[in-house]
Each structure stands twice: as C-alpha cells, then as structure tokens.
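Reader: I would like to go through the labels used for this structure and see what each one rests on.
Author: Then ask about them in turn.

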Amino acid sequence: MRTGLRGFQIVAIAGNVHPVRLTNPNPEDSVENNYQMILIHDLVLDGENPRLKDPVQRQQDAIDGLIEAVGPKLLKLAQDILENGSNPCDLVMVFPTDGEKFVVAEGNRRVAALKLLANPSLAASANPKFAKKLEALRDTVGKIPEACYCVVVQSEEKRNLWIRRLHTGEN
C-alpha cells in the first residue's frame with residue numbers, strides 16, 4: 001500500500017489499483033463502522049445466510065449450500081472477479097467474532113467465490129464437476145486475490161438496517 005490522494009490510500013488488489021478512504025466520511029459513523037482490508041481466510045461465511053436451505057454451523061456446509069443454491073451464478077461471479085476485480089462500489093459488510101475472524105453479513109457469494117478460487121477442492125464434496133471448473137478457471141490467471149476491502153459494522157441493528165435497504169431498495 002502507498003499513500004496517494006489526500007485522505008486516501010492507494011491499495012493494489014489482484015493487480016487493480018483502488019483509492020481507499022483513510023477515514024470515515026461521516027464522523028458519526030467512526031465509532032460504529034470502520035473500513036479495512038481483510039484477508040479472505042479471516043472471513044467466515046454467514047451460516048444463517050438466507051440463500052442457504054437451512055442454517056449451518058460449519059464453513060464447509062455454508063460453501064456446499066451456496067453451491068447448491070446458486071452454483072452457476074457463483075462460477076460466473078468468480079470468473080468476473082478474476083477478469084475485472086471486485087466491484088469497488090460494493091463493499092463486503094462484516095462484523096467481528098470473538099477471535100480474529102469476521103463474519104460476512106453482506107457479500108457471502110463474493111467471499112465464497114474468492115475462497116473457492118483460492119481452494120477449488122472446497123467445492124468437491126458438493127459438486128466435483130464444479131470444483132474442476134473452478135480449477136480450470138483459476139489456472140487461467142496468475143494470482144488470486146488474498147484480501148478484500150470490507151466495512152466492519154459493529155452494531156447488529158445497523159447491519160440489519162443497511163442489509164434491508166440494500167435488498168429492498170427502501171430508505
């Protein structure tokens with residue numbers, strides 16, 4: 001990372017350069033939300049994601065459930081991320097766990113796609129053919145993103161507010 005524009009930091013992610021605001025634009029949010037680059041392996045998929053048929057405890061079950069629910073779209077998303085990078089207008093929303101991990105509140109498909117690109121064998125138990133397609137896709141690029149830019153939202157009330165607005169379009 002290098003310092004760039006005033007108030008921004010220039011971050012390179014998978015070969016793409018992104019300006020990242022160093023401080024929250026809304027000072028009232030500064031205690032509640034913060035923005036940070038988080039390693040993919042420190043992100044935990046939400047076991048209560050509405051796309052899953054049933055709530056799950058294990059990460060492998062969350063990945064299997066997402067593959068079952070949205071498999072072809074997940075593969076297309078992985079390909080798009082490799083070709084174009086992550087959408088800079090669409091941050092992953094997370095909240096901290098008791099340890100050093102973060103649970104994904106919004107962006108589970110994107111994070112699952114990144115996890116699967118990093119390790120296609122994670123798809124083998126749900127769909128061996130899907131795993132092979134991921135391997136072939138991964139082999140077409142040099143480097144898989146290892147981190148993504150996230151907004152860390154501490155308050156469950158605020159997380160639910162932003163997710164509801166995002167998915168219903170109601171402000």
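**Labels and their grounds**

Reader: Why is C89 called exposed?
Author: The model is a predicted one, and in it C89 has a relative accessible area of 73%. The label exposed requires over 50%, so C89 is exposed.

Reader: What makes C148 buried?
Author: Its relative accessible area is 6%. Buried means under 20%, so C148 is buried.

Reader: How do you know that C148 is in no disulfide?
Author: The nearest cysteine sulfur is that of C150, and it lies 3.7 Å away. A disulfide needs the two sulfur atoms within 2.5 Å, so this pair does not qualify and C148 is in no disulfide. A search of the whole structure likewise finds zero disulfides.

Reader: What is the overall make-up of the protein, in helices and strands?
Author: There are four helices and eight strands. Their order from the N terminus is β-β-β-β-β-α-β-β-α-α-β-α. Of the 171 residues in the protein, buried ones make up 40%. Among contacts between residues at least 6 apart in sequence, 62% join residues at least 24 apart.

Reader: Which residues have the most contacts inside the largest nonpolar core?
Author: They are L43, L74, V94, L116, F130 and L134, in a core of 36 residues. At least two core residues come from each of α1 (59–84), β6 (92–96), β7 (102–106), α2 (108–118), α3 (128–138) and β8 (147–153). The element that gives the most is α1, with 11 residues.

Reader: What does L74 touch, leaving out residues up to four places away in sequence?
Author: L74 touches L66, I67, R109, A112, A113, L116 and F130.

Reader: Why are α1 and α3 called roughly parallel?
Author: They pack at an angle of about 5°, with their axes 11 Å apart. Angles under 35 degrees count as roughly parallel, so α1 is roughly parallel to α3. On the α1 side the contact is made by I67, G71, L74, L75, A78, Q79 and L82, and on the α3 side by F130, K133, L134 and L137. By class, these are eight nonpolar, two polar and one charged residues.

Reader: Why is α2 called largely enclosed by the rest of the structure?
Author: Nine of its 11 residues are buried, so the description applies to α2. The buried ones are N108, R110, V111, A112, A113, L114, K115, L116 and L117. What covers them includes β5 (43–44), α1, β6, β7, α3 and β8.

Reader: Why is V44 called partly exposed?
Author: V44, in strand β5, has 22% relative accessibility. Buried requires under 20% and exposed over 50%, so V44 falls in between and counts as partly exposed. Leaving out residues up to four places away in sequence, V44 touches Q59, K101, F102, V103 and V104. Between V44 and F95 the C-alpha to C-alpha distance is 9.8 Å, and the two are 51 residues apart in sequence.

Reader: What makes K132 exposed?
Author: K132 is in helix α3 and has 59% relative accessibility. The cut-off for exposed is over 50%, so K132 counts as exposed. K132 and P120 are 12 residues apart in sequence and 7.4 Å apart in space, C-alpha to C-alpha.

How values were computed. Residues are numbered from 1 along each chain as its sequence is written. This is a predicted model: local features need pLDDT of at least 70, side-chain atom pairs count only at pLDDT 80 or more; totals for chains, interfaces and linings use all residues. Side-chain values use heavy atoms; hydrogens and water are left out. A nonpolar core is a set of buried Ala, Val, Leu, Ile, Met, Phe, Trp, Tyr and Cys residues joined through side-chain atoms within 4.5 Å. Buried means under 20% relative accessible area, exposed over 50%, partly exposed in between (1.4 Å probe, protein chains only). Contact means heavy atoms within 4.5 Å. Axes are lines fitted to C-alpha atoms, for helices over the stretch in contact, and angles run from 0 to 180 degrees between N-to-C directions. Angles under 35 degrees count as roughly parallel, over 145 as roughly antiparallel, 65 to 115 as roughly perpendicular and the rest as oblique. Ala, Val, Leu, Ile, Met, Phe, Trp, Tyr, Cys and Pro count as nonpolar, Asp, Glu, Lys and Arg as charged, and the others, Gly among them, as polar.
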